[in-house]
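Subject: Structure for your review

Dear colleague,

Please find below the structure that I am handing over to you. My notes on it follow directly after.

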Amino acid sequence: MNIALQIAPRAVFDIPAYSPAGNEREIFESAWERQLPLLLKGPTGCGKTRFIRHMAAKLDLNLSTISCHDDLAAADLTGRYLLKGGDTVWVDGPLTRAVREGGICYLDEIVEARKDVTVVLHSLTDDRRILPLERTGEVLEAPPGFMLVASYNPGYQNLIKTLKPSTRQRFVAIEFDFLPRDQEIAVVAKESGLAEDKVAPLVSLAEKFRALKGHDLEEGASTRLLVYCASLINAGMDIRHAVLATMIEPLTDDADVKAALLEISRAVVGGRNA
């Protein structure tokens with residue numbers, strides 16, 4: 001069953017800024033209308049979480065964000081019995097609350113969670129749209145306004161941490177990447193307050209660092225790190241120190257790699273504020 005978009009009035013300044021790179025907003029709205037789960041794929045810091053926050057605000061939907069990690073188990077999502085005042089009571093987890101109340105439940109970096117988490121999601125990501133709670137005997141049916149969204153970074157996948165094809169095929173998927181150069185310059189300038197002509201060399205440097213991904217670096221410099229760097233420069237910090245603190249130290253602990261990145265940064269952006 002489809003559901004119509006019902007968007008409550010919301011001031012523009014309440015909606016997190018987002019610069020679309022393609023038709024991702026249209027895909028999201030269509031998936032929400034048709035009660036389809038959504039999977040966001042892309043590198044760290046390219047805007048996946050910002051996109052979800054933007055769409056939740058735009059559609060006036062509640063948003064529950066769960067940051068997945070190695071110790072995240074199914075019970076952390078669904079709930080558990082706890083002692084309260086001498087009584088044993090059931091306490092819903094964030095996924096269960098979202099299913100009861102509606103809105104978006106966002107699982108950030110789902111591959112970091114334990115394997116039993118994806119098993120719990122299976123019944124929510126097919127035509128049943130149900131959440132069985134074995135410990136209480138309940139079977140919750142997701143309301144029309146509930147949407148499950150998950151994200152992961154394919155660059156971190158390996159034999160241990162991977163999303164099975166059978167799980168991926170339960171989702172509508174959108175591939176995210178860093179914005180085209182001109183758009184990224186505009187976004188970083190707007191977020192940091194630094195002029196676009198001063199942001200441009202930083203984006204050039206990030207592009208060079210991203211070209212090293214899979215070789216000297218596990219990940220390239222994200223748009224998030226670019227915003228941090230430009231913000232420090234805008235506050236008066238020397239470019240060399242800002243680049244070191246935001247675009248080199250977060251990317252590697254290897255002294256030789258750091259030295260190489262510093263050489264690249266000196267060639268691209270120099271060492272003084274423009």
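In this predicted model, T167 lies in helix α6, which covers residues 165-168. T167 has a relative accessible area of 5%; because the cut-off for buried is under 20%, T167 counts as buried. Leaving aside residues up to four places away in sequence, T167 touches T118 and H122.

Helix α8 takes in residues 196-210.

The buried residues of α8 are V199, A200, L202, V203, L205, A206, F209 and R210. When reading such a list, please recall that an α-helix has 3.6 residues a turn, so residues three or four places apart point the same way. The cover over the buried residues of α8 includes α7 (181-192), α9 (223-234), α10 (239-248) and α11 (255-269).

I also looked at the cysteines. A disulfide is a covalent bond between the sulfur atoms of two cysteines. How many disulfides does the model contain? The count is 0, with sulfur atoms within 2.5 Å as the cut-off. For C46, the closest cysteine sulfur is that of C68, at 16 Å, which is too far for a bond. For C229, the closest cysteine sulfur belongs to C46 and is 19 Å away, so a bond is ruled out here by distance. Both cysteines are buried: C46 has a relative accessibility of 11%, and C229 has 0%.

Yours sincerely,
A colleague

Note on methods. Residues numbered from 1 in each chain as written. Predicted model: local features only at pLDDT ≥ 70, side-chain atom pairs only at ≥ 80, totals over all residues. Heavy atoms only, no water. Helix = DSSP H or I, 4+ residues; strand = E, 2+ residues; numbered from the N terminus. Buried < 20%, exposed > 50% of the residue type's maximum accessible area, 1.4 Å probe, protein only. Contact = heavy atoms within 4.5 Å. Expected span 1.5 Å × (residues − 1).
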